[in-house]
Amino acid sequence: MPSLPPAELEARLRLHSLPELGPRRFHHLLEAFGSASAALSAPAAAWRSLGLPSACAEPRRSPEVRERAAAALAWLEVRGHHLLCWGDPAYPALLAELVNAPPLLFVAGDPALLEQPQLAMVGSRRASAAGLDTARSFSRSLAGGGFVVTSGLALGIDGAAHQGALDVEGRTVAVLGTGLERVYPHRHKGLAARIVAEGGALVSELPLDCAPQASNFPRRNRIISGLSLGVLVVEASPSSGSLITARLAVEQGREVYAIPGSIHHPGARGCHELIREGATLVQRVEDILEALRGWQAIAPVTSSPAVQLIDHPLLALLCAAPYSSEGLAVVSGWALPQVLAELTELELQGRVAREAGLWVHRAG
């Protein structure tokens, strides 16, 4: 439980569930009145003098707001459930630096992970098979190198990042764009449960029962980057929300890494755009481990599956995008019989596979 008197904790939970009361307004109220309890007791005129809308002030004493606070307090009684309040010693220090730091963070799992060195991994929800393999491979190596892998539990690259860390018994943090009692997407409910069961954590700044809303997902991206030392973008289109996370990371003074791909693959264009803007080009996991040496919880691994990404010309192409045999012949400049012979050898090694008529890279 947070180190707050019960009345102040209940008051903060009530403030937290008010409409149109974001982090900046929440912090403004605490600064103006000294505590959440005093803010709730202040007259509506005092709220209006601070520029707060009536939609904010009017429901603060309503039964619905009280009930939500009571439900949150009951949730906190369950083992493994935690609440981190801004200003509390347990609140993650890197995140606390943000001007719009979340006033409250609900955590299911191990809250101590939020203070450990983290590397965020983000990318497309509709990632290619090669992109998913790359994300999972890099995540395995980063987790093995002593980093907590942080992502957003979304389909695609996010899910592969979480899975990769779990593959090597590493730790992973999922920052949700919903309340912790409304895990989204539904297809990742099992993954969310596994993250907690295997020593990771689920995190959200939103009320526990908050349903999926489009506006909340870009908002949670600042938490993903804010918790982390850096952000790795694996695969993303120019309009991807992953680029929002990367640009937030720059604003927060975090490192941004991007994996390049084929100029013919739409999912590589966002990464290329970030590299043009100054992101570090990454071809192997050591590029990140060496840049962040000293932050790892344990010594970095000496080799990783990701090193295999560029040790064969055809694999280098397939890491960026799936291709047909004929397509590989065109982009590689090799004769088709030579391409087919090489693909057969790579398939026997388990490094490529054929899916829906296209060749895809398979990480080790």
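**Pocket, cavity, sheet and helix packing**

About 330 Å³ of space lies in the largest pocket. The structure is a predicted model: local features need pLDDT of at least 70, side-chain atom pairs count only at pLDDT 80 or more, and totals for chains, interfaces and linings use all residues. Residues are numbered from 1 along each chain as its sequence is written, and side-chain values use heavy atoms, with hydrogens and water left out.

Pockets and cavities were searched on a 1 Å grid over the protein atoms alone. A pocket is an open set of points with protein on both sides within 12 Å along at least five of seven lines; a cavity is a set where a 1.4 Å probe fits but cannot get out; lining residues have an atom within 4 Å of a point. Points are joined across faces, edges and corners, and a volume is the space filled by probe spheres set on them.

The lining of the largest pocket comprises 19 residues. Gly-123, Arg-125, Ser-240, Gly-241 and Ser-242 lie nearest the pocket centre. Two elements, α11 (216-226) and α12 (241-251), each give two or more residues to this lining. Helices (H or I, at least four residues) and strands (E, at least two) are DSSP runs, numbered from the N terminus. The largest contribution is that of α11, with 5 residues.

The search also finds 1 cavity of 30 Å³ or more. Its lining is formed by Leu-176, Ser-204, Glu-205, Leu-206, Asn-216, Arg-219, Arg-220 and Ile-223. Here too α11 gives the most, with 4 residues.

An open sheet of 9 strands has the order β1-β2-β6-β5-β4-β3-β7-β8-β9, with mixed pairing. Two strands pair if DSSP finds at least two bridges between them. The edge strands, β1 (81-85) and β9 (280-281), each pair on one side only. β1 pairs with β2 (residues 104-109) in the antiparallel sense over 5 bridges. Within this pair, His-81 has Ala-108 of β2 as its bridge partner.

Helix α10 (residues 189-197) lies across β2, β5 (172-175) and β6 (201-204), at about 115 degrees to β6. Axes are lines fitted to C-alpha atoms, for helices over the stretch in contact (heavy atoms within 4.5 Å), and angles run from 0 to 180 degrees between N-to-C directions. The axes of α9 (residues 157-167) and α10 come within 11 Å and cross at roughly 35 degrees. Gly-159, His-162, Gln-163, Leu-166 and Asp-167 of α9 meet Leu-191, Arg-194 and Ile-195 of α10.
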